Protein chains: 2
Amino acid sequence: MFFTTKAEYGVRLLIEIGRQGQDQPVSLKVIADTENLPLAYLERIVALLKRAGLVQSTRGAHGGYVLARKPTDIRMDEVVLALEGSLAPMECFVDDRADDGRVLCSHHDDSGRGCATKLLWTRVQVGVSNTLAQTSLAELIEFQSRQLPRAGERAAPGERTPAPA
Amino acid sequence: MFFTTKAEYGVRLLIEIGRQGQDQPVSLKVIADTENLPLAYLERIVALLKRAGLVQSTRGAHGGYVLARKPTDIRMDEVVLALEGSLAPMECFVDDRADDGRVLCSHHDDSGRGCATKLLWTRVQVGVSNTLAQTSLAELIEFQSRQLPRAGERAAPGERTPAPA
DNA sequence: GCTATCCCGACCGCACTGGTAGGATTAGCC
DNA sequence: GGCTAATCCTACCAGTGCGGTCGGGATAGC
């Protein structure tokens, strides 16, 4: 597994904000309750989303968070990048370059050649990035709403949707 | 970053075995020296590759490892899967299912519905898997050989290939 | 002023990663 | 038969980051 719960919780946060926050801000407490997630931890995660300009906050009573943009304009590559800090599939591949732009690859810096593994990880990173970019928050909100027809509603016990392949 | 050095070192292992081991087995010592990697650690990594049937070993003096198949028949999704244990992008997504095949998702097991995040991580996993599957060991060996024209040879000091975009 | 909420830094246990140590086993070779 | 080169195996260890908690400060509605 390579993404942490930051990505999981953060995406859920956005989905819930999108679903419940049409007109007024959504408090973390509500989300923590409905999603059954630790509030204090969510606070730290939503800070990442705010820093990335994906949500806006209102302080004080009846405060909370709203999406900074329309859900159709929020792509998941932005979101995951904000939450995880990087989409690089390998340590030696995170974007810390030398001043001249050369990529530092610790195990080949003596020869200075482009390593074959770099080719591979580049392809992976591009693939992940493209995949995430092709999913918008709006799509996930819509998917979620199909699963739970109305906000707060819950499936009747025993009536479980068969896993959609 | 989400792959560990196991994947990095393991892929390099295979490349070196493929490059140097046309006729005779390649010892880990040689690889550890040429790639400047810790021998004892490589031992544990190559064990993963052997268990997955990607390499074969010969014990004793002049022993070492050879590829179990032609490099063209070794796809990187197999390799990374063997090394990392899983390609699942999320913990709640690793393939440990209930007996009936239901996927366990810890945060939604009370409602039992497919979560929207699952949709997202599924796409990512398929994307990564496809990307890796489209790269064969042969391609990486060839790439590496272009960088270092002959085995053991090294670029003249100062003559550095410009990073191939 | 009370309370709900965002905000922020410190702290903490745990698991895993990356790596080491030491030895057992196997096999070529003189 | 010994020496040596190599695979194999288990245990160990330090560091780091993850997931989570705690306490408190700032802010705003009522």
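**View 1. Arg75(B) and its salt bridge to Asp77(B) in a predicted model.** Arg75(B) is partly exposed, at 36% relative accessibility. (A salt bridge puts a side-chain nitrogen of Lys or Arg within 4 Å of a carboxyl oxygen of Asp or Glu.)

**View 2. A salt-bridge network in chain A.** Glu8(A), Arg12(A) and Glu35(A) belong to one network.

**View 3. The salt bridge between Arg75(A) and Asp77(A).** The N to O distance is 2.9 Å. Arg75(A) is partly exposed, with 35% relative accessibility. Asp77(A) is buried, with a relative accessible area of 13%.

**View 4. Lys70(A) paired with Asp73(A).** The closest N and O atoms of this salt bridge are 4.0 Å apart. Lys70(A) is exposed, with a relative accessible area of 54%. Asp73(A) is partly exposed, at 39%. Over all chains, the structure holds 17 salt bridges.

**Notes to all views.** Residues are numbered from 1 along each chain as its sequence is written, chains are lettered from A and ligands numbered from 1 in the order in which they are written. In this predicted model, local features need pLDDT of at least 70, side-chain atom pairs count only at pLDDT 80 or more, and totals for chains, interfaces and linings use all residues, while side-chain values use heavy atoms, leaving out hydrogens and water.

Notes
Buried < 20%, exposed > 50% of the residue type's maximum accessible area, 1.4 Å probe, protein only.
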